[in-house]
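Dear colleague,

I am passing on the structure below, followed by some notes on what was found in it. Please read them alongside the coordinates when you have a moment.

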Amino acid sequence: MQTYMPIGYKMVDGKIQIDKEKSKTVKRIFSEYLKGKSLLAIAKELSQKEVTNANNKINWTHCAIGRILENTKYMGDEAYPELIDKVTFDNVQTKRNQKKNQLWRKANRKKGKCLFANKIYCGECGEPYRKYTEHSGKACEKNRWKCKKYIFKNRVLCRNLFYTDEELRKVFISTANKLIKNQRLLDKPYKKEPPKISKELLEIENQITRLEEDEEFSSQELANLIFKRAELTYSTSQIDGYEVQTQKVKEMLVGQDLLTEFDEDLFKGIIDKIIIYQDGKVETQFINGLKISEILEYKRKDEKNGCSEKDSGNHTAANEI
Ligand SMILES: [Zn+2]
């Protein structure tokens, strides 16, 4: 029975009462938490000091501390006398929510890092971009995306430009907005190609049928045609793939307002890769192969006093497509 009663209470003559000794532990947990200790730190400390829990064991976990901190019975109800006043209890809940939000934001920042990984490529040497978090150089060079070959065998090999997360996000916002404003861009490419190929394919089908009907066909000729048919079917299916991908992009953009801030889901849904060029051109390739370029204000990464931050956020759009 005692197991189900929260620590700090005891049963006396069929009534729940405060357990003087153990209620000190509960109060201590609430006050330590408000002082800024983590659940784990509190659990470790209680174990070290051999404080016993509800089951009279010295076995504290951060989960157990968490359960105590959120148990509303401590504020008192019909069955339980008040052990923790409402203000203290509420303060603890507020603090826990703040911490949860912090953790969530931290996790999201990590997600942001993974978001661009393997999506950014160097247009000069074809290598993927990497986020360099540590560099012995100037502070402004930290946390920038640089070509994987920027430093190769301790030498600067690729001199392509660096970008921050923020700059890459802005590129996406600007590029996505171009497409949102002008969704006809998605209809352009596949209008020309497929009819021609279907026609060619149809012709080959006819030839194959004719040859098969003709009893004296050359098997070599038939084999060639069948091979050609396979080739055409393959490229047609690639175009189907294109259409499927284009359809996906279109679906993602249905009812989409112009972006004012970075939209991670949209980025994941419609972007294949971003290619960086040394002249400041940044080319965004969508999952269906459509490319839209931006020219970012040209900047040299290796300039002597190139630490100025004026470069960030000064995008000039490329000529309208
Ligand atoms: Zn490179």
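The donor residues of the zinc ion follow the sequence spacing C-x2-C-x21-C-x10-C, a donor here being an N, O or S atom within 2.8 Å of the metal (3.2 Å for Na, K and Ca), with water not among the atoms, so that sites may look incomplete. C125 sits in the loop between β3 (120–122) and β4 (129–132), while C158 sits in the loop between β7 (155–156) and α5 (165–181), so this pair ties together parts that are 33 residues apart in sequence; helices (H or I, at least four residues) and strands (E, at least two) are DSSP runs, numbered from the N terminus.

This is a predicted model, in which local features need pLDDT of at least 70 and side-chain atom pairs count only at pLDDT 80 or more, whereas totals for chains, interfaces and linings use all residues. Residues are numbered from 1 along each chain as its sequence is written, and side-chain values use heavy atoms, with hydrogens and water left out.

The zinc ion is held by the SG atoms of C122, C125, C147 and C158, at 2.2 to 2.3 Å, and its site is tetrahedral, with angles of 96 to 122° among the four donor atoms (four donors count as tetrahedral if all angles lie between 85 and 135 degrees). C158 is buried at 8% relative accessible area, whereas C125 is partly exposed at 36% (buried means under 20%, exposed over 50%, partly exposed in between, with a 1.4 Å probe and protein chains only).

Finally, D13, in the loop between β1 (9–12) and β2 (15–18), has a positive phi of about 50° although it is not a glycine, and D13 is exposed at 79% relative accessibility.

Best regards

Terms used:
Four donors count as tetrahedral if all angles lie between 85 and 135 degrees; four count as square planar and six as octahedral if opposite donors are over 155 degrees apart and all others between 65 and 115; anything else is irregular.
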